[in-house]
Structures are given as C-alpha cells and as structure tokens.
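Here is a short tour of one protein model. Keep the view open while reading.

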Amino acid sequence: KALHDRYRCQMALRDSLDALREAQALVRACRKRYNAAKCNAQTVAKDECETLLKEDSNWNKFFQKLKAYKERTGHCNVKQNFAAKDSKSCPETAKLSAWVGRNRKDGKQRRRAGQSAEDGSSGTIINDQ
C-alpha cells in the first residue's frame, strides 16, 4: 500500500510539473506576443510622429499656425465659435479654429478610451487648404 501511495504521489507530482511547464510556456508565448505588439505600436507611433512633423504635412502646417497664433496672442485658446462674418474676415483663423477643435475632440476621445500619446495615438490630419 505504501508503494502504491508513493506511486500516486509521484504521478501527481509529475502531472503538476507538466501543468507548470505548460503554464510557463503559455506565459512565455504571451510575453512574446505582448512584446511584439508593444514594439509594433512603438514603431507605428514613431512613423506617425515622423509623418505628422514633416514640414510639408498638413498637420504640421496647422501646428506652425497655432504656434504663431500663440506668439501673437499669448495663448492657444483659439475662438471655437466663429460667426459667419468672422470667418469671412479672417478665414485662416477660422480654419485654425476648426483644426484645433478637431484635435481637442480627438484628444478627449482618446482619453475616454483610456489611450495616451505613448500608445501611438496621434492628432487629426486634415486636408484644409
């Protein structure tokens, strides 16, 4: 009987070790997938940033206009509700206002979704001329 109990104990130990090895393999596979996804997200984020910051990108043009606006006014609070008469007299500021509004909205949506700048999210690219 003692031999039988010892055998059952060894079998249970072997089964436990097999389960542990399987769990370790699963953890390694998950880490590998996680690291690959993280690396991919970082690459995508870097590529998006490089695209956005190219001198000829539309996003960068509006960003430069926002910087100039800040130098003129001392703030980045571009008026959001342009009346029709204001947009006709100052169309560039109206376009800048629309661009800033879209980027603010996108930022709020990313924050609500639990995303951040580190995960590869970027601003809106628009085609206003």
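The report below moves from the overall build to single residues.

## Basis of the model

This is a predicted model, in which local features need pLDDT of at least 70, side-chain atom pairs count only at pLDDT 80 or more, and totals for chains, interfaces and linings use all residues. Residues are numbered from 1 along each chain as its sequence is written, and side-chain values use heavy atoms, with hydrogens and water left out.

## Overall build

The protein has four helices and zero strands. Its elements run α-α-α-α from the N terminus on. Helices (H or I, at least four residues) and strands (E, at least two) are DSSP runs, numbered from the N terminus.

The protein has 129 residues, and 16% of them count as buried. Buried means under 20% relative accessible area, exposed means over 50%, and partly exposed lies in between (1.4 Å probe, protein chains only). The protein exposes about 10100 Å². Carbon and sulfur atoms supply 54% of that area. Accessible areas come from the Shrake-Rupley method with a 1.4 Å probe; for residues, only the protein chains shown count as cover.

Contact means heavy atoms within 4.5 Å. Of the contacts with a separation of 6 or more, 52% are between residues 24 or more positions apart.

Helix 1 covers residues 2–53 and includes L13. L13 is exposed, at 52% relative accessible area. Together with L17 and L20, L13 makes a nonpolar surface patch of about 260 Å². Patches are made of residues with over 30% relative accessible area and no salt bridge; like charges are joined within 9 Å, nonpolar side chains (Val, Leu, Ile, Met, Phe, Trp, Tyr) within 5 Å.

Side chains of opposite charge can pair when their charged atoms come close. The structure holds one salt bridge, a term for a side-chain nitrogen of Lys or Arg within 4 Å of a carboxyl oxygen of Asp or Glu. D18 forms it with R21, and the closest N and O atoms are 3.3 Å apart. D18 and R21 are three residues apart in helix 1, so about one helical turn separates them. D18 is partly exposed, at 32% relative accessible area. R21 is also partly exposed, with a relative accessibility of 49%.

## Aromatic rings

Three aromatic pairs turn up in a search of the whole structure. In one of them, the rings of W59 and F63 are stacked, because their centres are 5.3 Å apart and their planes meet at 10 degrees. Rings of Phe, Tyr and Trp (its six-membered ring) pair if their centres lie within 6.5 Å; planes under 30 degrees apart count as stacked, over 60 as edge-to-face and the rest as tilted.

W59 and F63 are four residues apart in helix 2 (residues 58–73), so they are separated by about one helical turn. W59 is buried, at 14% relative accessible area. F63 is partly exposed, at 29%. One aromatic cluster takes in W59, F62, F63 and W99.

K65 lies over the face of F62, 4.8 Å from the ring centre. A charge sits over a ring if NZ of Lys or CZ of Arg is within 6 Å of the ring centre and within 35 degrees of the ring normal.

## Around L66

L66 is found in helix 2. L66 counts as buried, at 13% relative accessibility. Neighbours within four places in sequence aside, L66 is in contact with C76, V78, L96, W99 and V100. L66 and V78 are 12 residues apart in sequence, and their C-alpha atoms are 8.4 Å apart.
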